[in-house]
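Colleague: Hi! Could you walk me through the metal sites and the ligand in this one?

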Amino acid sequence: AKEAGKNTYQFFDAQMNAQTFERLLMESGLRQGLERQEFELHYQPQVSCDGRLEGVEALLRWRHPQLGLVPPGRFIPLAEETGLIKPIGAWVLREACHQMVAWDKLGFSVPRLAVNLSARQFEQHTLLHEVNDVLAVTGLAASRLELEITESMLMQNPQEAVSLLGELKALGVKLSVDDFGTGYSSLSTLKRYPLDYLKVDRSFVEGLPDDEDSAAITEAIIAMARKLKFTVIAEGVETAAQSAFLANAGCAILQGYYYSRPLPVAELQRWLAARQPA
Ligand code: C2E
Ligand code: CA
Ligand code: CA
Ligand code: CA
């Protein structure tokens with residue numbers, strides 16, 4: 001038993017060191033990552049039930065020289081802790097809007113761009129200026145930009161949220177609530193905010209069509225959301241059966257691996273070219 005305990009300890013210790021090392025590497029790396037242009041955006045298509053491209057969601061990746069392609073779940077929490085999410089988030093917004101205009105010039109028609117916002121970005125009124133500036137600089141029509149926020153961001157400071165969302169809305173951008181169903185807000189609470197889209201969380205879609213609870217909840221969310229005039233987007237659609245279920249339940253827009261994974265720019269362009277005859 002003593003032997004085993006020692007082995008466990010050594011294993012644990014080695015693992016801790018690896019984690020601490022990675023964290024240190026990431027923290028200093030995040031600071032330099034922006035200057036060194038190590039961040040990149042992948043874009044995931046969103047399609048209507050009849051197969052038309054509705055838009056793309058920009059998803060951040062970090063191409064780290066030692067760690068390789070790092071998914072956002074592994075560095076965004078740290079970026080939020082350190083406040084670095086602010087300059088990183090500002091970069092995401094600029095980069096994605098410039099990309100939309102580049103696609104326009106290349107003749108690809110991507111109707112709408114969705115950008116994720118972090119709680120830290122949403123705290124500050126500079127967000128309003130950032131959005132205003134990027135639209136002015138790029139010339140992208142405000143109505144083609146959709147900002148995704150989560151329920152918890154609304155709940156943290158409801159009064160501020162109402163005024164900030166109102167101001168963003170006045171610019172003409174679209175607003176959506178991401179990961180709906182994972183927080184504690186009800187649809188009637190959400191109606192206080194000027195939101196356009198509601199994204200049903202992947203955790204509900206996962207169980208479709210066979211899991212009865214998932215099916216009942218998803219149908220109820222879609223039906224109520226539609227009555228309240230939200231456009232419903234389902235995320236994490238991986239199968240034809242899920243897609244059919246959601247379309248039948250009245251969901252307007254579908255997003256997930258069934259249609260496409262998030263793709264780097266060149267690959268998304270190939271995906272678009274294969275779908276739209278010139
Ligand atoms: P999210 O906004 O809910 O984005 C959807 C996530 O689900 C993405 O993971 C996407 O790759 C993944 N996904 C899409 N379709 C499917 C599917 O059919 N099946 C499965 N299993 N997964 C699917 P990703 O790219 O790793 O992003 C994770 C989270 O990181 C995002 O969740 C978002 O909260 C955050 N994030 C990504 N980019 C940004 C950003 O630019 N800024 C901020 N603040 N957060 C970001
Ligand atoms: Ca999102
Ligand atoms: Ca989501
Ligand atoms: Ca999600």
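**Metals and ligand**

Modeller: Happy to. Asp179 bridges the calcium ion (ligand 4) and the calcium ion (ligand 3), which lie 3.2 Å apart. Bear in mind that this is a predicted model, where local features need pLDDT of at least 70, side-chain atom pairs count only at pLDDT 80 or more, and totals for chains, interfaces and linings use all residues. Residues are numbered from 1 along each chain as its sequence is written, chains are lettered from A and ligands numbered from 1 in the order in which they are written, and side-chain values use heavy atoms, with hydrogens and water left out.

Colleague: Which protein donors does the calcium ion (ligand 4) have?

Modeller: They are Asp179 (OD), Asp201 (OD) and Glu235 (OE), lying 2.5 to 2.9 Å from the ion. Donors here are N, O and S atoms within 2.8 Å of the metal (3.2 Å for Na, K and Ca), and water is not among the atoms, so sites may look incomplete. Along the chain, the spacing of these donors is D-x21-D-x33-E.

Colleague: Where do Asp201 and Glu235 lie?

Modeller: Asp201 is in the loop between strand E7 (197-200) and helix H9 (202-206), and Glu235 is in the loop between strand E8 (231-234) and helix H11 (240-249), so the pair ties together parts that are 34 residues apart in sequence. As for the labels, helices (H or I, at least four residues) and strands (E, at least two) are DSSP runs, numbered from the N terminus.

Colleague: OK, and what coordinates the calcium ion (ligand 3)?

Modeller: Asp178 (OD), Asp179 (OD), Glu235 (OE) and Glu235 (OE), at 2.0 to 2.8 Å. The spacing along the chain is D-D-x55-E.

Colleague: How far is the calcium ion (ligand 3) from the calcium ion (ligand 2), and which residue coordinates both?

Modeller: The two ions are 3.7 Å apart, and Asp178 coordinates both. The calcium ion (ligand 2) has Glu57 (OE), Asn116 (OD1), Glu148 (OE) and Asp178 (OD) around it, at 2.1 to 2.3 Å. Its donor residues are spaced E-x58-N-x31-E-x29-D in sequence. Distant parts of the chain are linked by a pair here: Glu57 in strand E2 and Asp178 in strand E6, 121 residues apart.

Colleague: Switching to ligand 1: how many residues surround it, and which are the closest?

Modeller: There are 21 residues around ligand 1, and the closest are Gln44, Arg61, Asp178, Glu238 and Tyr257. A residue is near a molecule if one of its heavy atoms lies within 4 Å of it. By class, that shell has nine nonpolar, five polar and seven charged residues. In this scheme Ala, Val, Leu, Ile, Met, Phe, Trp, Tyr, Cys and Pro count as nonpolar, Asp, Glu, Lys and Arg as charged, and the others, Gly among them, as polar.

Colleague: What polar contacts does ligand 1 make with Glu57, Asn116 and Ser118?

Modeller: An oxygen atom of ligand 1 is 3.3 Å from an N or O atom in the Glu57 side chain, and an oxygen atom of ligand 1 lies 3.1 Å from a polar side-chain atom of Asn116. With Ser118, a polar backbone atom is 3.5 Å from a nitrogen atom of ligand 1. A polar contact is a pair of N or O atoms within 3.5 Å; within protein, one must be able to donate a hydrogen and the other to accept it, and residues adjacent in sequence count only if both atoms are side-chain atoms.

Colleague: Which element gives the most to the shell around ligand 1?

Modeller: E2 does, with four residues.

Colleague: Last one: what kind of peptide bond joins Leu208 and Pro209?

Modeller: A cis one, with omega about 0°. Pro209 lies in the loop between H9 and helix H10 (212-227).
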